[in-house]
Amino acid sequence: EAGTIYYAVYPNATPTPSKTAVKAGTGAITSGAIATSGSALETVTLSGITFDNQYEVCVVAEDAVAVPNLQTLVTKVHVNADQTSPVITKTAISLTSTTEISATLSVALGEKGKMYYVVLPDASATPTAVQVKAGQNASGSAITTKGTIIIAADTAQNYTVIGLKRSTEYEMFVVAQDSIGNTQTTVSSIHLKTGDITPPVT
């Protein structure tokens with residue numbers, strides 16, 4: 001039927017407000033009203049929301065009779081304002097130094113999130129993004145040298161991979177995931193080679 005749809009947008013995990021609060025937009029980030037004929041799908045563009053955040057959109061409807069009837073129960077919809085996975089560029093991860101048993105990398109993302117990685121022997125087949133997250137190689141077997149790097153937005157930080165062997169080449173495979181849960185589908189890689197500073201024994 002014809003009437004008015006009232007909406008109000010709140011931060012993620014906000015308890016469901018009352019129907020009168022939604023109609024008035026009380027405490028909302030943004031709010032508004034849409035006239036409806038009752039026979040067509042209505043759309044609205046939300047303002048005041050930002051990338052890399054989640055929100056609760058609360059809605060109530062009111063009919064157009066002389067004494068309007070306001071919907072009793074508030075309809076709440078969770079909205080994810082970021083549905084784009086992060087991308088690891090060549091400058092997002094780089095090797096800064098190595099020892100005989102470790103490698104230190106500089107890592108960064110354009111948004112807060114994490115990097116999952118596995119370290120495999122040189123020339124290993126590339127695992128899928130799902131396998132990297134699970135700490136597996138391309139055959140689906142669990143491996144020992146794996147981990148997760150927590151990353152702040154736009155902040156380069158150092159991370160050291162340990163447990164490597166002396167004078168050995170490796171391939172490190174990486175996928176990124178933002179704080180919303182969007183995960184990179186393309187696996188990135190970086191070549192590692194540990195040093196050898198131990199003198200021979202005669």
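These notes cover the fold, overall dimensions, surface and charges of the chain.

1. This is a predicted model, in which local features need pLDDT of at least 70 and side-chain atom pairs count only at pLDDT 80 or more, while totals for chains, interfaces and linings use all residues. Residues are numbered from 1 along each chain as its sequence is written, and side-chain values use heavy atoms, with hydrogens and water left out.

2. The chain contains 2 helices and 11 strands, taken as DSSP runs (H or I, at least four residues, for helices; E, at least two, for strands) numbered from the N terminus. Their order from the N terminus is β-α-β-β-β-β-β-β-α-β-β-β-β.

3. The radius of gyration is 26 Å, whereas a compact globule of 202 residues would have a value near 17 Å. This radius is taken over C-alpha atoms, and the globule rule is 2.2 Å times the number of residues to the power 0.38. Along the principal axes, the C-alpha atoms fill a box of roughly 100 × 30 × 25 Å.

4. Of the 202 residues, 36% are buried (under 20% relative accessible area; exposed is over 50%, partly exposed in between; 1.4 Å probe, protein chains only).

5. The count of salt bridges is 1 (a side-chain nitrogen of Lys or Arg within 4 Å of a carboxyl oxygen of Asp or Glu). E62 and K23 form a salt bridge at 2.8 Å, N to O. E62 lies in strand β3 (residues 54-63) and K23 in helix α1 (residues 19-24), 39 residues apart. E62 counts as buried because its relative accessibility is 11%; K23, at 36%, counts as partly exposed.
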